[in-house]
There are 2 protein chains.
Amino acid sequence: MAIVDEMVCFALYSASRATTRAYTELLAPWKLTYTQYLVLVILWTEGEKPVREIGEVLQLDSGTLSPLLRRLEDKEFIVRQRDVQDSRVVNVSLTSSGHALQNDLAHIPAQIACGTGLPDLKAAQALIKSLHRVTESMQEISSPDK
Amino acid sequence: MAIVDEMVCFALYSASRATTRAYTELLAPWKLTYTQYLVLVILWTEGEKPVREIGEVLQLDSGTLSPLLRRLEDKEFIVRQRDVQDSRVVNVSLTSSGHALQNDLAHIPAQIACGTGLPDLKAAQALIKSLHRVTESMQEISSPDK
DNA sequence: CCAATTTAAGTTGTGCACAATTGAATTGTG
DNA sequence: CACAATTCAATTGTGCACAACTTAAATTGG
């Protein structure tokens, strides 16, 4: 069983990189990365959010997010503002071009849907469930809480 | 279906990062990364190999492998030697400490097996199959051949 | 035979992931 | 109130992933 599990990990690693490459290609005209796209998806669906909450959703820390958000700000898709109530907090919100991207990139989910090669909704849901189990379980053997 | 497929991608991304973190923790005493470990696994099972073949197995180019192999060489787990027949080729082989690591790290597969949280062999094989399908399919929508 | 092409590895540069640290602001507690 | 502990974001540093390019060697095709 042990060797098979290392195969699971490698298969995961390969599949993840393949999907990231697919996104990279689809996003190339806008020079956006997959992680930058994920941040935009959050902002499109949930509106203004502090850096910390974005980090909770994506499980990324400020070491990753700070420079990434700076790049999104340089591209003028988002703005960052210190919170008035609590000035430790930085709120991230979309600019008008950031909002406009939602339509420009509306074709991507369907392209990705095709790219997964999964036969039907059922297969996709089964895979998601299986992946969630692996994620949770791996987090447990990793460092205390988090 | 489209949104579910983006969920598949995010689940993949999360699971992959969670497993990499788990490996990182297990490998910490030797200051090895997951990718370095993968290279060692290849060398343990297949012996001396040129850089190009390692790259084919892991789907990594020399831009990733060259510095990674240099670090493994700095740690004296491997040596690199120009091929006598074809001096474009660099052959990678294990040193004695590199060989010795195979025993030192023999506990890792079992720890990872536990970490996947998968109920049985059948579930693991189903997941691998599903991930292979996604990888292949994603590679198809990505840049021509490769 | 030799010029053009191809192949292998390395280098450079960008961005993400993550650990560790810093600094500023807030909160909790005596 | 005072001050210790906590929280949040940013910074620094390491290593991987990958694109683009370089260099050197081998192959090929005329």
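Modeller: Gladly! Helices (H or I, at least four residues) and strands (E, at least two) are DSSP runs, numbered from the N terminus. This is a predicted model, in which local features need pLDDT of at least 70, side-chain atom pairs count only at pLDDT 80 or more, and totals for chains, interfaces and linings use all residues. Residues are numbered from 1 along each chain as its sequence is written, chains are lettered from A and ligands numbered from 1 in the order in which they are written, and side-chain values use heavy atoms, with hydrogens and water left out.

Colleague: Which element gives the most to the surface near DNA strand D?

Modeller: That is α4(B), with four residues. For DNA strand C, the largest share comes from α4(A), again four residues.

Colleague: What makes a residue count as near a strand?

Modeller: One of its heavy atoms must lie within 4 Å of the strand. There are 28 such residues around DNA strand D, and A:Y13, A:R21, A:R52, A:S62 and B:R71 come nearest. Of the atoms of DNA strand D within 4 Å of the protein, 74% belong to sugar and phosphate. Around DNA strand C there are 27 residues, with A:R71, B:Y13, B:R21, B:R52 and B:S62 coming nearest. Here sugar and phosphate make up 77% of the atoms of DNA strand C within 4 Å of the protein.

Colleague: Why is the pair between B:Y13 and DNA strand C called a polar contact?

Modeller: A polar contact is a pair of N or O atoms within 3.5 Å; within protein, one must be able to donate a hydrogen and the other to accept it, and residues adjacent in sequence count only if both atoms are side-chain atoms. A polar side-chain atom of B:Y13 lies 2.4 Å from a phosphate oxygen of DNA strand C, so the pair qualifies.

Colleague: What about A:V51 and DNA strand D?

Modeller: There a backbone N or O atom of A:V51 is 3.3 Å from a phosphate oxygen, so this pair qualifies too. For B:R88, a polar side-chain atom sits 3.4 Å from a sugar or linking oxygen of DNA strand D.

Colleague: How many residues of chain A count as buried, as a percentage?

Modeller: Of its 146 residues, 47% do, where buried means under 20% relative accessible area, exposed over 50% and partly exposed in between, with a 1.4 Å probe and protein chains only.
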